[in-house]
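Hi,

Here is the structure I promised to pass on. Have a look at it first, and then read my notes below.

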Amino acid sequence: MIDMVKDSRFVRPSKGLLDSGSSPNLYVANCGPAVGISFEDIASVFSTFGEVRGVHAADESGARVVVCFFDDISAQKALKAFDGNPCPQLGGRVLHIRYSILQPSSQIKDSVSVSLVASELQIPGLFLLHDFITSKDEEELLAAVDDRPWKSLSKRRVQHYGYEFMYDTRNVNTKHHLGELPQFVSTILQKISSFPNLEDAGNAIVDQLTVNEYPPGVGLSPHIDTHSAFEGLIFSLSLAGPCIMEFRRYSQGSWLPPSASSMDNKGENPDNCSNILRRSLFLPPRSMLLLSGEARYAWHHYIPHHKVDMVRGDTIRRGARRVSLTFRKVRNGPCCCEFPQYCDSQRSVEGLALGSA
Ligand SMILES: O=C(O)CCC(=O)C(=O)O
Ligand SMILES: [Fe+2]
């Protein structure tokens with residue numbers, strides 16, 4: 001049976017196992033769905049050495065798998081034949097193979113199951129509308145942004161309209177207005193004002209647009225959009241390719257000074273925190289996400305740096321690129337939200353108060 005779901009039970013072996021040939025499981029790098037090779041093809045090629053029990057994704061790269069035989073001898077033969085050699089049956093790719101071992105179940109880190117609809121996540125203020133625009137609108141928007149100059153960051157390209165977003169401070173310079181939002185988003189702005197779940201259309205006025213272009217494998221580090229920089233509604237339209245977005249809520253808040261948590265740098269490392277809630281949502285092209293209330297103020301959002309996402313047992317490739325249009329309203333005063341532990345405005349006031357006490 002071919003298992004398409006990432007199986008975190010299998011790990012890369014420690015050095016001692018590399019030569020001993022004592023496992024029926026092989027960790028095989030440089031093949032998988034991300035490079036156009038299906039699990040079925042891999043199973044069929046490896047089965048020339050013995051019966052294959054299953055093929056599993058070794059991680060979320062889509063290019064590393066674990067091939068499980070029923071016996072050690074078959075694994076040994078396959079390793080000997082394929083490791084370090086071009087494999088003609090798999091498009092001539094050079095495979096890198098090690099024995100793989102089963103991890104004790106106590107060490108398995110649960111991965112978050114990905115939802116297709118926002119309501120399933122039960123995060124107040126989070127909404128996702130599928131097919132917010134047509135494919136024709138999508139094509140026109142992509143052509144329009146590609147007609148404008150891109151600015152290159154280290155891993156992705158961006159464009160800013162209304163106000164420039166500054167990645168070092170995670171804020172905008174409110175004194176420097178770049179002008180109105182471009183004409184090519186006017187129909188999106190109209191549609192935004194009739195987005196369901198808004199208390200009144202006046203809330204949906206936005207004056208800052210960031211266009212992000214993510215190549216395959218590039219995501220975004222976990223962050224909360226700076227409270228003091230933007231008001232309470234954040235709209236994000238996905239174009240061209242899909243991705244998953246993960247949401248994390250830390251029980252203690254986790255506000256860090258901007259220099260320590262710049263989202264274009266590494267940010268904090270949430271994997272080291274034990275006390276967090278995690279949810280994951282699939283964002284297909286042409287969908288519009290709305291972050292408001294608790295979802296906007298108290299939950300970090302994050303796009304994992306994957307080429308392939310595992311969604312309900314299916315392997316979904318990211319595509320040649322994903323382009324997102326994020327619409328926000330620049331704030332002209334401190335944030336007074338109900339989530340002070342995540343709020344830079346309220347933390348700095350608190351900090352001053354403590355400092356003067
Ligand atoms: O690409 C996206 O959908 C999200 C972008 C984002 O979170 C941001 O610019 O703050
Ligand atoms: Fe964001």
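Among contacts in the chain (heavy atoms within 4.5 Å) between residues at least 6 apart in sequence, 79% join residues at least 24 apart. Before you read on: this is a predicted model, where local features need pLDDT of at least 70 and side-chain atom pairs count only at pLDDT 80 or more, while totals for chains, interfaces and linings use all residues. Residues are numbered from 1 along each chain as its sequence is written, chains are lettered from A and ligands numbered from 1 in the order in which they are written, and side-chain values use heavy atoms, with hydrogens and water left out.

The chain has 7 helices and 24 strands; these are DSSP runs, H or I of at least four residues for helices and E of at least two for strands, numbered from the N terminus. Of its 357 residues, 51% count as buried. Here buried means under 20% relative accessible area, exposed means over 50%, and partly exposed is in between (1.4 Å probe, protein chains only). The chain exposes about 16,900 Å², and carbon and sulfur atoms supply 51% of that; accessible areas come from the Shrake-Rupley method with a 1.4 Å probe, and for residues only the protein chains shown count as cover.

Now for the inside. The largest nonpolar core has 29 residues, and Leu26, Val28, Phe46, Phe69 and Leu95 have the most contacts inside it. (A nonpolar core is a set of buried Ala, Val, Leu, Ile, Met, Phe, Trp, Tyr and Cys residues joined through side-chain atoms within 4.5 Å.) At least two residues of this core come from each of β2 (25-29), α1 (39-46), β3 (52-57), β4 (64-69), α2 (72-82), β7 (96-99) and β22 (308-311). The biggest giver is α1, with 5 residues. Apart from this core lies another, of 28 residues, including Ile133, Val206, Leu237 and Val323.

In α1, the buried residues are Phe39, Ile42, Ala43, Val45 and Phe46. Seen down the axis of α1, they fall within an arc of 165° (taken from the directions from the helix axis to the C-beta atoms), so they line one face of the helix. Leu95, leaving aside its neighbours within four places in sequence, is in contact with residues including Val28, Phe46, Phe82 and Leu90. As for β3, 5 of its 6 residues are buried. β3 and β4 run antiparallel, joined by 5 bridges, and His56 stands opposite Val66 in β4. The hairpin of these two strands has 6 residues between them, and Gly62 there takes a positive phi near 80°.

There is also an open sheet of 5 strands, in the order β9-β19-β18-β21-β16, with mixed pairing. Two strands pair if DSSP finds at least two bridges between them. β9 (114-115) and β16 (220-223) stand at the edges with a single partner strand each, so one side of each has no neighbour in the sheet. β9 pairs with β19 (residues 276-283) in the parallel sense over 2 bridges, and Val114 has Ser280 as its bridge partner in β19.

On to charges: how many salt bridges does the structure hold? There are 16, a salt bridge being a side-chain nitrogen of Lys or Arg within 4 Å of a carboxyl oxygen of Asp or Glu.

- Lys151 and Glu164 meet at 3.0 Å, N to O. Lys151 lies in β11 (residues 151-152) and Glu164 in β13 (residues 163-166), so the pair ties together parts that are 13 residues apart in sequence. Lys151 is partly exposed at 39% relative accessibility, and Glu164 is partly exposed at 29%.
- Arg157 and Glu213 have their closest N and O atoms 2.6 Å apart. This pair links β12 (residues 157-161) with β15 (residues 208-214), 56 residues apart. Arg157 is partly exposed at 30%, whereas Glu213 is buried at 11%.
- Arg278 and Glu246 have their closest N and O atoms 2.9 Å apart. Arg278 is in β19 and Glu246 in β18 (residues 243-250), so parts that are 32 residues apart in sequence are tied together. Glu246 is buried, with a relative accessible area of 6%.

Salt bridges that share partners also join Asp146, Arg157, Glu213 and Arg321 into one network.

Cheers
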